[in-house]
Amino acid sequence: MAEVASVPPLLSGNLAFFFDLDGTLAEIKPHPDQVYIPAAVRTLLQKMSLMSGGALALISGRSMTELDKLATPFHFPLAGVHGAERRDINDKTHVVALPEPVVTALHQHLSNALLQLPGTELEAKGMAFALHYRQAPEAEEAIFELAQQMTQRFPELALQPGKCVVELKPLGIDKGAAIRAFMQEAPFAGRTPIFIGDDLTDEAGFKQVNALGGVTIKVGNGDTIANFRLANVRMVYHWLGKLTQHIEQQKSDILRGEDYESLSGSL
């Protein structure tokens with residue numbers, strides 16, 4: 001693991017922004033339904049989107065339906081279920097789905113298995129399944145064993161560990177692939193990507209952004225390949241506010257410089 005700086009610098013230039021949600025733009029809660037993005041932060045995201053010509057996307061394990069609810073009233077490009085579903089700037093959706101017989105068999109088997117593990121919860125996302133054990137940490141080993149059994153039974157699946165959750169998703173789908181797809185499209189193409197995330201699921205995104213010469217920011221503790229770190233969600237809010245002010249000030253300085261040159265040329 002490379003040395004990780006404590007705080008990212010205030011950046012400039014043509015930037016593209018990618019954000020994880022839980023643990024990055026929103027505090028983690030005991031239950032996923034309790035999570036929210038504060039109104040002031042949603043407004044700040046919209047401001048950043050406008051400043052970057054729309055080059056701002058949410059990249060999450062949540063479904064796009066959930067992401068839209070959490071971002072309301074604003075409408076951003078999205079990658080849900082770790083990129084298994086994606087909506088571009090033109091509202092075109094791209095979906096990677098599992099065969100229906102696989103989905104049906106998985107749902108039935110996982111539902112029955114989790115009934116034997118009190119406190120665990122199954123979240124069915126259509127093309128993926130999340131096995132939550134935040135309320136039953138003692139079930140972690142059993143959850144991982146169950147997920148591994150499913151990847152052996154269904155080779156089209158991949159196992160994705162996270163914070164108190166293990167997900168089963170289509171093979172070859174991750175946040176890095178979603179970011180790569182966005183970066184090949186307007187308005188993201190040609191910009192310097194910035195990705196902020198907090199979990200193991202974000203490391204694939206960090207890898208892709210690092211390869212593109214972008215900026216990667218890990219929220220919280222833990223090993224990471226990100227090149228900068230912010231301590232917690234509140235520090236993310238603080239840094240984004242400072243970054244927005246910095247970008248606005250730079251644009252103001254440029255405009256004043258252009259006005260001065262125009263005035264000087266007319267004298």
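**Basis.** I worked from a predicted model, in which local features need pLDDT of at least 70 and side-chain atom pairs count only at pLDDT 80 or more, while totals for chains, interfaces and linings use all residues. Residues are numbered from 1 along each chain as its sequence is written, and side-chain values use heavy atoms, with hydrogens and water left out.

**Cavity.** I found one cavity of 30 Å³ or more. The largest cavity holds about 470 Å³ of space, a volume being the space filled by probe spheres set on the points, which are joined across faces, edges and corners. I listed 31 lining residues, and Asp-22, Pro-32, His-132, Lys-163 and Val-165 lie nearest the centre; lining residues have an atom within 4 Å of a point. Strands S6 (121–124), S7 (129–132) and S9 (165–170) are the elements that give two or more residues to this lining. Helices (H or I, at least four residues) and strands (E, at least two) are DSSP runs, numbered from the N terminus. By class I noted eight nonpolar, nine polar and 14 charged residues in the lining. Here Ala, Val, Leu, Ile, Met, Phe, Trp, Tyr, Cys and Pro count as nonpolar, Asp, Glu, Lys and Arg as charged, and the others, Gly among them, as polar.

**Pocket.** I then looked up open space; a pocket is an open set with protein on both sides within 12 Å along at least five of seven lines. The largest pocket has about 200 Å³ of space. Its lining has 14 residues, with Gly-13, Asn-14, Met-51, Ile-247 and Lys-251 closest to the centre. H7 gives the most to this lining, five residues. The classes are six nonpolar, six polar and two charged.

**Cores.** A nonpolar core is a set of buried Ala, Val, Leu, Ile, Met, Phe, Trp, Tyr and Cys residues joined through side-chain atoms within 4.5 Å. Buried means under 20% relative accessible area, exposed over 50%, and partly exposed in between (1.4 Å probe, protein chains only). In the largest core, of 35 residues, Phe-17, Phe-19, Ile-196 and Leu-240 touch the most other members. Elements that give two or more residues to this core include strand S1 (15–19), strand S10 (192–197) and helix H7 (233–266). H7 supplies the largest share, seven residues. I listed the contacts (heavy atoms within 4.5 Å) of Ile-196 beyond four places in sequence; among them are Phe-19, Ile-217, Trp-239 and Leu-240.

**Salt bridges.** I counted ten salt bridges, each a side-chain nitrogen of Lys or Arg within 4 Å of a carboxyl oxygen of Asp or Glu. In the bridge between Lys-163 and Asp-198, the closest N and O atoms are 2.6 Å apart. Lys-163 is in the loop between strand S8 (157–162) and S9, and Asp-198 in the loop between S10 and helix H6 (203–211), so the pair ties together parts 35 residues apart in sequence. Lys-163 is partly exposed at 36% relative accessibility, whereas Asp-198 is buried at 2%.

For Asp-202 and Lys-175 the closest N and O atoms are 2.7 Å apart. Asp-202 is buried at 0%, and Lys-175 is buried at 1%. Asp-20, Lys-175 and Asp-202 are linked in a network of salt bridges.

How values were computed. On a 1 Å grid over the protein atoms alone, a cavity is a set of points where a 1.4 Å probe fits but cannot get out, and a pocket is an open set with protein on both sides within 12 Å along at least five of seven lines; lining residues have an atom within 4 Å of a point.
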